[in-house]
Amino acid sequence: MTLKKFNNIFIFTALALIILLISCNNRPKDVLSRAKMTTVLFEMHKLEGSLDAKGINSSEFDLKSKYFNSILEKYGITEAQFDSSVVWYAKNPKKYEDIYTDVLAQLTDLQNDVKKGKYHPVDSIEFRKIKLNLWTKKSKYVFTKDSVRSHLDFKIADKDFLYGDVYVLKFKQLIAPEDSSKNQRIVLRINYWNGKTDSVSRKAYNDSLTRRYTFRFPATKKLKIKSISGELLASTRYKGVFHATVDSISLLRVYDPKLQDSLRAIVQKADPTKYLTPKEQRLDSIKRTKLDSVKKVPKNQSKTHEK
């Protein structure tokens with residue numbers, strides 16, 4: 001075989017291999033490349049984890065879609081282009097499997113970095129905080145048409161509750177469509193000794209979807225806290241038919257034990273009377289009344305009294 005013939009055969013073979021590779025990778029123009037698809041899916045899975053941690057679940061489609069669309073906008077991808085890519089890769093499972101192998105590897109690396117404190121360095125103050133579970137009732141309640149109760153409320157009082165605390169309420173809830181309650185809601189309150197109340201609330205849904213709720217409620221008012229209360233299952237009215245489950249309930253008090261004395265001093269300085277208990281306030285008011293009455297006695301009367 002001459003050198004010329006060998007070169008011709010080599011060129012022909014190389015062209016054939018190129019054509020074969022192109023035909024095997026016949027990805028349409030509107031389908032994302034493997035690299036870009038991997039990047040987008042990695043970003044979406046990170047977002048999914050963040051939303052889940054914030055208590056935003058799959059049923060809140062309108063809210064979640066705004067977040068996911070922002071990822072597409074970030075990489076200059078249209079929703080139609082992404083949908084087409086998902087469909088095409090689904091028809092090519094080996095390619096889709098390779099992509100998710102890369103996505104899983106990136107997510108694993110990210111998880112390891114988080115555990116090592118790469119993105120959230122260990123805060124010495126945060127590290128010494130105590131997380132105390134205040135919930136002493138049952139962790140699961142099932143309501144049926146035969147249930148006597150029409151709501152699930154709670155109230156926890158403790159003299160140690162203090163300005164600077166963070167109260168974290170977590171639970172899972174499912175309300176079936178046949179439940180007759182109207183305007184279902186969830187409420188968490190911080191009640192102060194002076195009668196004031198701070199509260200946060202969220203709407204509940206009767207669509208048979210299990211939702212995970214998380215309330216993180218800091219006590220920011222410099223007032224003495226009387227109790228923590230709320231409703232995990234409440235409504236404005238009902239027609240006698242209940243069908244709901246509340247599960248995995250916990251209520252944490254997160255606080256720094258080393259700051260308790262200084263925080264109490266701050267509260268007392270901000271408003272001493274509001275720091276006192278009702279009994280102490282009554283005694284204090286009687287004492288002030290006596291002092292005021294003595295001050296208002298005319299001088300001549302006081303001298304006569306002395307004689």
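Asp261 is exposed, with a relative accessible area of 61%. The model is predicted, and the values below are computed from it. Asp261 forms a salt bridge with Arg264, and the closest N and O atoms of the two are 3.9 Å apart. Both residues belong to helix H7, where three residues, about one turn of the helix, separate them.

Arg264 has a relative accessibility of 22% and counts as partly exposed. The cut-off for buried is under 20%, so Arg264 at 22% is not placed in the buried class.

Asp160 is partly exposed, at a relative accessible area of 30%.

These contacts belong to a network of salt bridges that links Lys159, Asp160, Asp261 and Arg264.

## A buried pair

A salt bridge also joins the side chains of Arg253 and Asp165, at 2.8 Å from N to O. Arg253 is in strand S9 (residues 244-255) and Asp165 in the loop between S3 and S4; the two are 88 residues apart, and the pair links distant parts of the chain.

Arg253 is buried, with a relative accessible area of 4%. Asp165 is buried as well, and its relative accessible area is 0%. Both values fall under the 20% limit for burial.

## The chain as a whole

The secondary structure of the chain consists of 10 helices and nine strands.

Of the 307 residues in the chain, 30% are buried. The accessible surface comes to about 20400 Å², and carbon and sulfur atoms contribute 57% of it. Among contacts in the chain with a separation of 6 or more, 79% are between residues 24 or more positions apart.

Definitions and conventions. Residues numbered from 1 in each chain as written. Predicted model: local features only at pLDDT ≥ 70, side-chain atom pairs only at ≥ 80, totals over all residues. Heavy atoms only, no water. Helix = DSSP H or I, 4+ residues; strand = E, 2+ residues; numbered from the N terminus. Buried < 20%, exposed > 50% of the residue type's maximum accessible area, 1.4 Å probe, protein only. Contact = heavy atoms within 4.5 Å. Areas by Shrake-Rupley, 256 points an atom, 1.4 Å probe, with all protein chains shown as cover. Salt bridge = Lys/Arg side-chain N within 4 Å of Asp/Glu carboxyl O.
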